[in-house]
Amino acid sequence: MIKQKPASIFLFIIVLIISAFAGCSPNNPSGQSTSPQTQPATPATSNTSQSQQQPIAQTGRPGQFESLSAAPVNSWWFETPDGGLVMFDAQRTLTDARALVETIRSTGKPLRALFMTHPHPDHITGFGTVKAAFPDAAIYSTAEANSYLDGKGKTLLGMNVKFFGDDATAGVPRPDVLVTDGQRVTVGGLEIQARLLGSGESPGTTVYFIPSLQTLVVGDVLTPRRVPFMAAAETAAWLKQIAVLKANYDPGTRVAPGHGPETTLKDAAEWQTGYLTKFRELVTTAVDPGSAGGACVTKAEAASLLIEMRRAFPTVEGVARMPPDNLDALNIEGVSYELSGKTCPGVENPVR
Ligand SMILES: [Zn+2]
């Protein structure tokens, strides 16, 4: 765990950003990752890796690589009818990306494609590592994610490098294929449908539906029982994105989230909608001009809000790489700004 040092405010801000983009679960200081209940408990092949692997079982379930370093993030993969693999997202550090590559290699199957759900550093830092290992794998992304990476996303990747040093890179290879909303692509005989959701948790948010597997790869649109990242001040748009998913896919659709175990659309959407809605309601009260701090959220209001959130929406133990309340503070800043339009002193939020 990294603690704030008064003399290093800049580092602190970076920690805030990195941790937030990692989708960390501030309730767990233990550093332990939870094992997906729906995944076979396959032992990792390497004790030196900081990561665990969940290769595709004989049942055709998705393969999952969940980094075991702080704030674990998922890479998911699926077998194609021609015996290859397609994968979604590629980890936040080079160490994790290399372990991911080894895990993919251990399947003995060629990687045919790598898809980007959204252009946040914790999901794309390893793209170059994967591409170097599997040069024939085409990278699929969107023009929106691309333009973000030409702008503010570049800054965030740079901050990721400052935090992780040699274990990160700001160099993300350009996509080979830009998908558009509703586009269906077929890779190795596997059909994948792209749905562009735009800005919400992240700019350039895209989900991918695999009809033959009734599976939706959602990135961080749905990360149930993980404290979500709301600093971008786009929770209204985010809620609409979830409504779009509920309107277009069966409730029993398998969801492969950016963080945490696989789940169903019904469960994930209920939790995420509930969390965002409740948070917005509590912040609305706290930014009421007649409240204690007026349009700004006081420390007492924030503490009360968080107690209520913990009670209503407990988060699973995960990993935090900052004091537990810092992501919450960043989230309160983002949502209070979104709802009041006012910037208040106290919390630096360079994300929105
Ligand atoms: Zn994430």
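Six strands, in the order β8-β9-β10-β11-β12-β13, make up an open sheet with mixed pairing. Two strands count as paired if DSSP finds at least two bridges between them, and the elements themselves are DSSP runs numbered from the N terminus: helices are H or I with at least four residues, strands are E with at least two. At the edges lie β8 (184-187) and β13 (263-264), each pairing on one side only. Keep in mind that this is a predicted model, in which local features need pLDDT of at least 70 and side-chain atom pairs count only at pLDDT 80 or more, while totals for chains, interfaces and linings use all residues. Residues are numbered from 1 along each chain as its sequence is written.

Strands β8 and β9 run antiparallel and are joined by four bridges, with Val-187 standing opposite Leu-190 in β9. Their hairpin has two residues between the strands, and Gly-188 there takes a positive phi near 60°. Moving on, β9 (residues 190-198) pairs with β10 (residues 205-210) in the antiparallel sense over five bridges. Here Arg-195 stands opposite Val-207 in β10, and Leu-196 stands opposite Thr-206 in β10. This second hairpin has six residues between the strands, and Gly-204 takes a positive phi near 60°.

The buried residues of α7 are Thr-235, Trp-238, Gln-241, Ile-242 and Leu-245. They cover an arc of only 105° around the axis, which puts them on the same side of α7; the arc is that of the directions from the helix axis to the C-beta atoms. A residue is buried if 20 or more other C-beta atoms lie within 10 Å of its own, exposed if 12 or fewer, and partly exposed in between, with C-beta atoms placed from the backbone. The buried residues of α7 pack against β9, β10, α8 (265-286) and α10 (325-340), whereas the face turned away carries the exposed residues Ala-243 and Ala-247.

What about the largest nonpolar core? Such a core is a set of buried Ala, Val, Leu, Ile, Met, Phe, Trp, Tyr and Cys residues joined through C-beta atoms within 7 Å. Of its 79 residues, Val-86, Leu-114, Val-130, Val-207, Tyr-208 and Val-283 touch the most other members. Helix α8 gives the largest share, nine residues. Not counting residues up to four places away in sequence, Val-86 touches residues including Trp-77, Phe-115, Val-187, Leu-190 and Ile-192; contact means C-beta atoms, placed from the backbone, within 7 Å.

Methods: Two residues are in contact if their C-beta atoms, placed from the backbone, lie within 7 Å.
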